[in-house]
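Trainee: I am new to this structure and would like to go through it by question and answer. Could we start once it is on screen?

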Amino acid sequence: MSNNTTLRPIHMGFTPGDYYSKIHMCLLYNNERERREIIEKFIIAAVQDHDRVEYLYDEWSADDIRNSLKQYSLDIDRLEADSQIRFQQTALAYHPSGVF
């Protein structure tokens, strides 16, 4: 198994310029409207760049984000079937056994 640590530039979709893979970003929004807009733009940019998206949610459900993304003419069903995008509750992703 190889440990590929090559960094590559990624277009974030919500800010000009690229950032390198493996970067960690926090507190990108001031309110719920901005949070949702950033999430949408980030997912759209990732899909356009043929990146795989893991959307972990607790407040904005998978059904809500799916419906919201449809306004951008994204075929969410196809993207999910092709494993390009996956939606999962945060709790299941971080502590599937119920313990963190």
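Trainee: Where is the place of Ser-83?
Mentor: This is a predicted model. Ser-83 has a phi near 60 degrees, a positive value in a residue other than glycine. Its place in the chain is the loop between H3 and strand E4 (85-89).

Trainee: Is Ser-83 buried, partly exposed or exposed?
Mentor: Buried means under 20% relative accessible area and exposed means over 50%, with partly exposed in between. The relative accessible area of Ser-83 is 47%, so Ser-83 is partly exposed.

Trainee: Is Ser-73 buried or exposed?
Mentor: Ser-73 sits in the loop between H2 and helix H3 (76-81). Its phi is near 60 degrees, a positive value in a residue other than glycine. The relative accessibility of Ser-73 is 69%, and the cut-off for exposed is over 50%. Ser-73 therefore counts as exposed.

Trainee: How far apart in space are Ser-97 and Asp-77?
Mentor: Ser-97 belongs to the segment after helix H4 (90-94). At 64% relative accessibility, Ser-97 counts as exposed. In sequence, Ser-97 and Asp-77 are 20 residues apart, and from C-alpha to C-alpha the distance in space is 28 Å.

Trainee: In what order do the elements of the protein run from the N terminus on?
Mentor: The secondary structure comes to four helices and four strands. From the N terminus on, the order is β-β-α-β-α-α-β-α.

Trainee: What percentage of the residues in the protein is buried?
Mentor: The C-alpha atoms fill a box of roughly 35 × 35 × 30 Å along the principal axes. Among contacts with a separation of 6 or more, 54% are between residues 24 or more positions apart. Of the 100 residues in the protein, the buried share is 29%.

Trainee: Are H1 and H2 roughly parallel or roughly perpendicular to each other?
Mentor: The axes of H1 and H2 come within 11 Å and cross at roughly 70 degrees. Angles of 65 to 115 degrees count as roughly perpendicular. The crossing is also right-handed. By the angle, H1 and H2 are therefore roughly perpendicular.

Trainee: How many residues of the contact of H1 with H2 are nonpolar?
Mentor: From H1, Ile-39, Glu-40, Ile-43 and Ile-44 take part, and they meet Ile-65, Ser-68 and Leu-69 of H2. One residue of this contact is polar, one is charged, and the nonpolar ones number five.

Trainee: With which residue does Glu-37 form a salt bridge?
Mentor: Glu-37 counts as partly exposed, because its relative accessibility is 31%. The closest N and O atoms are 3.0 Å apart, and the partner is Arg-33.

Trainee: How many salt bridges does a search of the whole structure find?
Mentor: One of them joins the side chains of Arg-78 and Asp-82, at 3.1 Å from N to O. Arg-78 is partly exposed, with a relative accessible area of 43%. Elsewhere, salt bridges that share partners join Glu-32, Arg-35 and Arg-36 into one network. Over the whole structure, the number of salt bridges found is nine.

Notes
Residues numbered from 1 in each chain as written. Predicted model: local features only at pLDDT ≥ 70, side-chain atom pairs only at ≥ 80, totals over all residues. Heavy atoms only, no water. Salt bridge = Lys/Arg side-chain N within 4 Å of Asp/Glu carboxyl O. Buried < 20%, exposed > 50% of the residue type's maximum accessible area, 1.4 Å probe, protein only. Axes fitted to C-alpha atoms, helices over the stretch in contact; angles between N-to-C directions. Helix = DSSP H or I, 4+ residues; strand = E, 2+ residues; numbered from the N terminus. Parallel < 35°, antiparallel > 145°, perpendicular 65-115°, else oblique. Left-handed = near helix turned anticlockwise from the far one by under 90°. Contact = heavy atoms within 4.5 Å. Nonpolar A, V, L, I, M, F, W, Y, C, P; charged D, E, K, R; others polar.
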